[in-house]
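Subject: Structure handover

Hello,

I am passing on the structure we talked about, and below it you will find my notes on what turned up. Please read them with the structure open beside you.

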Amino acid sequence: MNTQLDKYTLGFGISAAIVILFNTFLMIVKEEIPLVHTMMVALSGHHWTSHGLIDVTLFIILGFLFSSRNIKVNISSLIITSTIVGVLLIIGMVAM
Amino acid sequence: MFESILLLLHPAIAVVTMLLVVWLIVSLKCVNINERRVRMLSLSIALMMVSIWIIAGYWYVVFYGVDKAVIVKSSWSFSHSFFMETKEHIFFVVLILSLYLPLVAFRNSIANNTSAQKLLITLGVLILALMLYIDGAGAIISHGAEIAYMHKDGLQ
């Protein structure tokens with residue numbers, strides 16, 4: 001049995017963990033800074049559309065960037081942690 | 001009519017996607033893992049999630065504004081202010097995890113790699129849990145709109 005993950009799996013895994021946290025950060029920034037919200041509306045016509053496009057674009061760019069580096073991490077743990085933190089922060093921010 | 005089709009289509013696709021995620025998790029728990037099936041399921045989940053993004057996104061951007069204006073003035077305003085606000089941002093977490101699925105499935109030899117199997121199961125469980133929340137939130141928003149329109153308390 002092999003336990004070694006391919007370099008793109010590692011690179012895009014790190015990227016996914018970062019983008020999940022960035023997604024929450026962008027939500028907070030656009031809610032708190034009206035200029036950012038206005039710019040995101042101007043980008044695609046709706047802040048939500050821009051939000052998704054920024055997230056996916058960043059996921060692809062960071063994925064290729066991290067794939068070219070030799071990084072060893074436990075991807076499953078990293079993604080579980082970032083998902084829990086990201087989602088709880090979204091819920092917390094909206095509830096406040 | 002077109003608006004209603006879009007509104008009903010996106011949770012329907014979401015339910016089918018959730019079933020595919022369950023199938024993926026079960027497939028990875030089999031003694032003899034069918035690598036081709038795992039790859040096809042992973043790809044299908046990613047494609048269906050992109051279709052939900054487009055269909056639900058179009059409905060949300062084009063049509064939801066009218067309902068939102070009524071819901072936020074009603075006694076069920078929390079169905080927008082809490083559930084829609086969390087749902088629309090948690091969806092992007094699910095989208096990123098779903099886009100990552102086929103990459104893991106196609107770039108690794110799944111049948112012989114325990115780390116890749118564990119990672120795919122982790123992604124599947126996270127996607128499933130968040131989709132269940134999103135689905136529940138959608139039901140609450142729908143009920144919020146129903147109450148707002150039926151009781152007319154959002155139209156005053």
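In these notes, contact means heavy atoms within 4.5 Å. Please keep in mind that this is a predicted model.

With that cut-off, and not counting residues up to four places away in sequence, Phe91(B) touches Trp48(A) as well as Met49(B), Ile52(B), Trp53(B) and Ile134(B). Phe91(B) also belongs to the largest nonpolar core, which has 71 residues, and there Ile79(A), Phe91(B), Leu97(B) and Tyr100(B) are the ones that touch the most other members. Among the elements giving two or more residues to this core are helices H1, H3 and H4 of chain A and helices H4 and H5 of chain B, and H4(B) gives the most, with 15 residues.

Turning to how the chains meet, 36 residues of chain B are in contact with 38 residues of chain A, and the two chains bury about 3,200 Å² between them, 75% of it on carbon and sulfur atoms. On the chain B side, the residues that lose the most area to chain A are His89(B), Ile96(B) and Tyr100(B), which together account for 19% of what that side buries.

Finally, within chain B, helix H2 (residues 35–62) and helix H3 (residues 64–71) pack at an angle of about 60 degrees, their axes 5 Å apart, and therefore H2(B) is oblique to H3(B). In this contact Trp59(B), Tyr60(B) and Val62(B) of H2(B) meet Tyr64(B), Gly65(B) and Asp67(B) of H3(B), a set that divides into four nonpolar residues, one polar and one charged.

Best wishes

How values were computed:
Residues are numbered from 1 along each chain as its sequence is written. Chains are lettered from A and ligands numbered from 1 in the order in which they are written. This is a predicted model: local features need pLDDT of at least 70, side-chain atom pairs count only at pLDDT 80 or more; totals for chains, interfaces and linings use all residues. Side-chain values use heavy atoms; hydrogens and water are left out. Axes are lines fitted to C-alpha atoms, for helices over the stretch in contact, and angles run from 0 to 180 degrees between N-to-C directions. Helices (H or I, at least four residues) and strands (E, at least two) are DSSP runs, numbered from the N terminus. Angles under 35 degrees count as roughly parallel, over 145 as roughly antiparallel, 65 to 115 as roughly perpendicular and the rest as oblique. Ala, Val, Leu, Ile, Met, Phe, Trp, Tyr, Cys and Pro count as nonpolar, Asp, Glu, Lys and Arg as charged, and the others, Gly among them, as polar. A nonpolar core is a set of buried Ala, Val, Leu, Ile, Met, Phe, Trp, Tyr and Cys residues joined through side-chain atoms within 4.5 Å. Buried means under 20% relative accessible area, exposed over 50%, partly exposed in between (1.4 Å probe, protein chains only). Buried area is the accessible area (1.4 Å probe) that two parts lose on being put together, summed over both.
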